[in-house]
Amino acid sequence: MIETIRNELLVLAEPTYQRFAMRLLPGTDHLLGVRLPKLRQMARKIFKRDYEAYLQNNDELYFEEIMLKGMIIGYIKVPLDAKLELIRQFVPKINNWSVCDSFCSGLKFTKDHQMEVWTFLQPYFQSSHEFEVRFAVVMALIYYIEDLFIESVLETLDQVKHQGYYAQMAVAWAISICFIKQEKKTQTYLENHSLDPFTYQKALQKIIESNQVDKKTKARIKKMKKSER
């Protein structure tokens, strides 16, 4: 089965798309260049056939094989403890922002188990591994920026201290989404934060660049940005 799926990936690979994707994912090795819609189609087929055998094999050669496994886990309907264990086993395989963000977007079961998943995520926010931190932060920005969790999200983001670029950019992105969805509470937070200067500036920049923020608000944020330089 493993070889069959690998051969199918090789057939679907597009050299032109491979070159494009590798520019977006610097440092990513063994990227074939299979487009996401095709990967999703493959993941659904594997899920319907024998996903357990595929997930149990840890001999991934290609970026797309890791992406497939993340997609499959999103489709699986099992008891919560089993689902979290599948996630726990997969997270160490995340080594770039694309796998991370795609994996998180597929974990829609989180909407039905917010408290349990929030508790599960806590150790990852303080991980020493850059993409484990990004995993937790992206999960927060997708599933937790709402009235019930906004204070906890902002407090947790403020405590993230990993200096990896992709962890810091995820925090900046998350704070910008907090601002868009919960402006007053996020504004108060930004006036009394403990973010590192890089993450803070990037968060303000993302707010300024958002099409969902009005001109008057952007002008105020620009003043905040300049005052911290």
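**Burial and overall fold**

Let's start with burial: 50% of the 229 residues of the protein count as buried, where buried means under 20% relative accessible area, exposed over 50%, and partly exposed in between, with a 1.4 Å probe and protein chains only. Now the ground rules. This is a predicted model, where local features need pLDDT of at least 70, side-chain atom pairs count only at pLDDT 80 or more, and totals for chains, interfaces and linings use all residues. Residues are numbered from 1 along each chain as its sequence is written, and side-chain values use heavy atoms, leaving out hydrogens and water.

On to the fold. The protein has 13 helices and 0 strands; these are DSSP runs numbered from the N terminus, helices being H or I with at least four residues and strands E with at least two. The radius of gyration is 19 Å, close to the 17 Å that the globule rule gives for 229 residues, so the protein is as compact as a globular protein of that length. That radius is taken over C-alpha atoms, and the rule is 2.2 Å times the number of residues to the power 0.38. Along its principal axes, the C-alpha trace spans about 55 × 40 × 30 Å.

Next, the domains. There are two assigned stretches, domain 1 (1–76) and domain 2 (96–228), with bounds from an automatic or database domain assignment. Their C-alpha centres lie 28 Å apart. How many residues of domain 1 are in contact with domain 2? 11 residues of domain 1 contact 9 residues of domain 2, contact meaning heavy atoms within 4.5 Å.

Now the core. The largest nonpolar core has 81 residues, and Ile87 and Phe135 touch the most other members. Such a core is a set of buried Ala, Val, Leu, Ile, Met, Phe, Trp, Tyr and Cys residues joined through side-chain atoms within 4.5 Å. Helix α8 (residues 130–143) gives the largest share, 10 residues.

Look at Ile87. Beyond its neighbours within four places in sequence, Ile87 contacts Ile73, Phe103, Leu107, Phe109, Phe120 and Phe135.

Last, Ser98. Ser98 sits in helix α6 (residues 97–105). Buried or exposed? Ser98 counts as buried, because its relative accessibility is 14%. Not counting residues up to four places away in sequence, Ser98 touches Leu25, Phe63 and Met67.
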